[in-house]
Amino acid sequence: MPPLAETGTVTLTLDGEPLSGVVGSTVASLLLANEVRVLRRSPRAGTPRGAFCLMGVCQECVLTIDGVIRQACLVTAQDGMVVSRPSLA
């Protein structure tokens, strides 16, 4: 894999916090690379949930991306994206 400087970076915001990653990364992989593990909470038990299958099957990585509810593992990260999690309270 080429060094990061050769591949380029993208920066998005998650709940107002800027996070950077490698061009071509999915939103889910960029978040994981930035040590963001909890994406939401289970509606029943309130337990933390995060990216699991990383191929669009499990729906555990659903986030609001640029105002649209999407699976983070299926969306390529783009500069300036605005990503938000449901309330983690």
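Contact is taken here to mean heavy atoms within 4.5 Å. The structure under analysis is a predicted model.

By this criterion, and leaving aside residues up to four places away in sequence, Ile65 touches Val27, Arg70, Ala72, Val75, Met81, Val82 and Val83. Ile65 also belongs to the largest nonpolar core, which comprises 19 residues. Within that core, Ile65 is one of the five residues that touch the most other members, the others being Leu12, Val27, Leu31 and Val83. Two or more core residues are contributed by each of β1 (9-14), α2 (27-33) and β5. The largest share, 4 residues, comes from α2.

Strand β5 spans residues 62-65 and pairs with strand β6, residues 68-71. The pairing is antiparallel and extends over 4 bridges. Thr64 has Ile69 of β6 as its bridge partner. The two strands form a hairpin in which 2 residues lie between β5 and β6. In this turn, Asp66 adopts a positive phi of about 50°.

Arg40 is located in strand β3, which covers residues 40-41. The relative accessibility of Arg40 is 18%, so the residue counts as buried, the cut-off being under 20% relative accessible area. The Arg40 side chain makes a polar contact with the side chain of Glu60, at 2.7 Å.

Terms used. Residues numbered from 1 in each chain as written. Predicted model: local features only at pLDDT ≥ 70, side-chain atom pairs only at ≥ 80, totals over all residues. Heavy atoms only, no water. Pairing = 2+ DSSP bridges. Core = buried A, V, L, I, M, F, W, Y, C linked by side-chain atoms within 4.5 Å. Buried < 20%, exposed > 50% of the residue type's maximum accessible area, 1.4 Å probe, protein only. Polar contact = N/O pair within 3.5 Å; in protein donor to acceptor, adjacent residues only side chain to side chain.
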